[in-house]
Amino acid sequence: APARGRALRREHAFVSSDGTWAYARPEDYFRDEWAESLGQGFGIAIVEHAEASGVGFARTLSGLWVAEDELRYARGSELVGGEIVDGVLDVAWVRHGGARVREWNGRRGTSRVVRRAGAREVVEVLEEVRGGLRIADGVIATRDLNRPTLAAPPPEVTGPTETWIDVELAAQTLVVYRGVRPFFATLVSTGRHGHATPTGTFRVWVKLAEDGMDDLERTDAESNYLIEAVPWVQYFSDGVALHAAFWHDDFGRTHSHGCVNLAPRDAQRIFALTEPALPAGWDAIQPTDAAPGTVVRVR
């Protein structure tokens, strides 16, 4: 059983080179009797380690063994979103390292550069001013921030304290609300060019503690992908989901095949906030009329 209580429920690794062999047993490696060929970048979930004749092996969730030297291990992003205090949505993240923060001179506007902000630095937006947005130590250009904007609940949210999720594509942010009050915000990665995340208002239709994802049936793709045991998956529009992404740290920019990628700790937290709740010991749950799925709006 996968470990619980941590952001990544399993150990994950990616295949380093195309055509890497996977074996039914570690000893088959020495006889060159392979069972399956894995593509470069395929993600495997590891359930066991072993050594044979000085060679290290990892067993995948599907039961095959791969030589350790053919794998690169995933760590997952350390990004963690932040609490929204008193319902005031004043948080933003710096889009790229080196963004200029200029001195604020009140009515006279901005002048010299006082510092360069770091990538994904969290700032509090105090007000909109001539030249950009005022933060604690100056003014930064609006274009240099991933800044979520306050949104009213969609009609599908009926209760004054109902939890719902707002994904804002332009800002690459996700905000969790209770009724009209936001209480948590973070960065996401939505669909890149050619893989747009669908816009609209949806409800989570199934929650899975983990799920395999691939496009192996597609023959028109330049390359295919496969990732075992993606954690904290919440499908809301057919095969489009909120889920943890441990294979990149590009949050705040489009990156996905259409899903809403979250850093692992954020995905775990949001999974725990949404309905229906996953009972202890369960791996998946679907909503019912009595316990409908949480509203997800993408705009």
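Arg-269 and Glu-83 form a salt bridge in which the closest N and O atoms are 2.3 Å apart; the term denotes a side-chain nitrogen of Lys or Arg within 4 Å of a carboxyl oxygen of Asp or Glu. Arg-269 belongs to helix α2 and Glu-83 to strand β8 (residues 82–83), so this contact ties together parts that are 186 residues apart in sequence. Helices (H or I, at least four residues) and strands (E, at least two) are DSSP runs, numbered from the N terminus.

The model is predicted: local features need pLDDT of at least 70 and side-chain atom pairs count only at pLDDT 80 or more, while totals for chains, interfaces and linings use all residues. Residues are numbered from 1 along each chain as its sequence is written, and side-chain values use heavy atoms, with hydrogens and water left out.

**Salt bridges**

- The count of salt bridges comes to 20.
- Arg-269 has a relative accessibility of 29% and therefore counts as partly exposed; buried means under 20% relative accessible area, exposed over 50%, and partly exposed in between (1.4 Å probe, protein chains only).
- Glu-128 and Arg-147 form another salt bridge, with 3.2 Å between the closest N and O atoms.
- This pair links distant parts of the chain, 19 residues apart: Glu-128 is in strand β13 (residues 127–129), and Arg-147 is in the loop between β16 and β17 (163–168).
- Glu-128 counts as exposed at 59% relative accessibility, whereas Arg-147 is partly exposed at 26%.
- Salt bridges that share partners join Arg-25, Glu-27, Asp-28, Arg-31 and Glu-33 into one network.
- Glu-33 is partly exposed, with a relative accessible area of 43%, and Arg-31 is partly exposed at 45%.

**Helix α2**

- In helix α2 (residues 264–273), the residues Pro-264, Asp-266, Ala-267, Ile-270 and Phe-271 are buried.
- These residues lie on the same side of α2 because they cover an arc of only 160° around the axis, the arc being that of the directions from the helix axis to the C-beta atoms.
- The charged end of Lys-207 sits over the ring of Phe-271, 4.5 Å from its centre; this requires NZ of Lys or CZ of Arg within 6 Å of the ring centre and within 35 degrees of the ring normal.

**Aromatic pairs**

- There are eleven aromatic pairs: rings of Phe, Tyr and Trp (its six-membered ring) pair if their centres lie within 6.5 Å, and planes under 30 degrees apart count as stacked, over 60 as edge-to-face and the rest as tilted.
- Phe-14 and Phe-246 form a tilted pair, 5.9 Å centre to centre with 45° between the planes.
- Phe-14 lies in strand β1 (residues 11–15) and Phe-246 in the loop between β23 (240–244) and β24 (260–262), so the pair ties together parts that are 232 residues apart in sequence.
- Both Phe-14 and Phe-246 are buried.
- Trp-21 and Trp-34 are stacked, at 4.1 Å centre to centre and 10° between the planes.
- Trp-21 is partly exposed at 32% relative accessibility, and Trp-34 is partly exposed at 42%.

**An open sheet**

- Three strands form an open sheet in the order β12-β9-β16, with antiparallel pairing; two strands pair if DSSP finds at least two bridges between them.
- Strands β12 (122–124) and β16 (145–146) stand at the edges with a single partner strand each, so one side of each is left without a neighbour in the sheet.
- Strand β9 (residues 91–94) is joined to β12 by three bridges, and the bridge partner of Trp-93 in β12 is Val-122.
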